[in-house]
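Thank you all for making time this morning. I would like to walk you through one model, with the sequence and the coordinates on the screen as we go.

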Amino acid sequence: MKFIAKAGGQVEGQVRVPGDKSISHRSIMLGAIADGVTTVDGFLEGEDALCTLKAFRALGVVIEGPENGRVVIHGVGRDGLQAPSEDIYVGNSGTSMRLLAGLLAGQAFDVTMTGDESLTKRPMERVAAPLRMMGAVVETAEGGRPPLTLRGGQQLKGIHYDLPMASAQVKSCVLLAGLYAEGETSTTEPAPTRDHSERMLRGFGYPVEVKGATARLQGGGRLQGVHIDVPADISSAAFFMVAASITPGADLTLEHVGVNPTRTGVIDILKAMGADITLLNHREVGGEPVADIRVRHAALKGIDIPEHLVPLAIDEFPVLFVAASCASGQTVLTGAEELRVKESDRIQVMAEGLATLGIDAQPTPDGIAIQGGELGEGTVYSHHDHRIAMSFAVASLRAKGPIVIEGCDNVATSFPNFVELATKVGMNLEVAE
Ligand code: S3P
């Protein structure tokens, strides 16, 4: 599937983007191993979160829905998961594979997880290594790539793990394995990363102590089913935040967006570039801060992106590169080598696509330097990466001619109604085979 994004368009009105992907994954995982029923509203019905849902059905958990964002999970308790009858396929979803690896490492049965072409290229050694330290038996394909097999029947031991990279997935994997380990498990991260696992474990009644960069829990406890209200995903909202920022006359409000401080780097970066962003109606929903976000057009300027904001905006860089292309002067990103191991090599793929459109974008090993300029027209490739596809769709708002974006099927992994909402606010997107 491809998008044909016509040049120009408006960005106006009020929209609610779909539910947070990270929270949706975790709601199924924790609900499945909790005692009692967990109900979820605002669940992201995107392919990634649905892979997690199907994985737990394969592990013997009864899950109703999703129906209009509502999911009902009949928790089986901490020891109630059952051996799946076949390998578990998690599609494009790194979060499913890495978090499930932790949750399944201490089970009584063997499990093999496989993924699609993109996931099969992504590093899994980063979770296999700490799990082995805990006593898990983990097998991967060559180079630490999927498929990933966990051999059941191992008694895990708690460890302290100093994360070699700022990764919420690795942190969460170790903490989830810690639920099944003897004694205490703790992680220390080199920079703050999203803390949904810690918050949600607590929400399920499981004590997690967080002091500075260290999170700590004791194995052997139980989780209690809860109700979860999933806020709109700030990572999906980001496409519209940039869309409104770069489009003359734009005035858009994004409703009920999760603004957890470990996720708001995109707001800080855009504001530093001169964006006009206001957070309204601050409230707390189920342990997560939520707000409406109003964005109006503003003249952006290039900046050196502070490195401490990188993990707090890790999924938003493809679209931030579009903002940088529309800014005056140069934007420089450093300290972001993690972008090279996402659903695609997001530094390389964005640099190539922006160059096709006539932007001076120079990749570096850990970032990129982008000179603001005029976006032209042309054909770009998403490399089956949802966020690349949506970023170039946003770029069309300021392009001179149409942008054809090849390989857009994976938009459905995180934002199934992107085209509908983009059209609703005034963008000119066409879908073609
Ligand atoms: C996620 C963590 C991040 C992020 C991903 C979701 C999570 O990955 O890129 O989209 O839900 O924990 P890393 O931990 O690899 O940075």
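I will begin with the domains and their interface, and then turn to a group of paired strands.

This is a predicted model, in which local features need pLDDT of at least 70 and side-chain atom pairs count only at pLDDT 80 or more, whereas totals for chains, interfaces and linings use all residues. Residues are numbered from 1 along each chain as its sequence is written, and side-chain values use heavy atoms, with hydrogens and water left out.

By an automatic or database domain assignment, the protein divides into domain 1, covering 2-19 + 231-432, and domain 2, covering 21-229. Their contact, meaning heavy atoms within 4.5 Å, takes 28 residues from domain 1 and 26 residues from domain 2. The C-alpha centres of the two domains lie 28 Å apart.

Across this interface there are three salt bridges, each defined as a side-chain nitrogen of Lys or Arg within 4 Å of a carboxyl oxygen of Asp or Glu. On the domain 1 side, β21 (288-296) and α11 (386-395) each supply at least two of the residues that touch domain 2; helices (H or I, at least four residues) and strands (E, at least two) are DSSP runs, numbered from the N terminus.

Turning to the strands, β6 (residues 70-74) pairs in the antiparallel sense with β4 (residues 37-41) over four bridges, pairing being called if DSSP finds at least two bridges between two strands. Strand β5 (residues 62-67) also pairs with β6 in the antiparallel sense, over four bridges. Which residue of β6 is the bridge partner of V37? That residue is H74, and H74 is also the bridge partner of V62.
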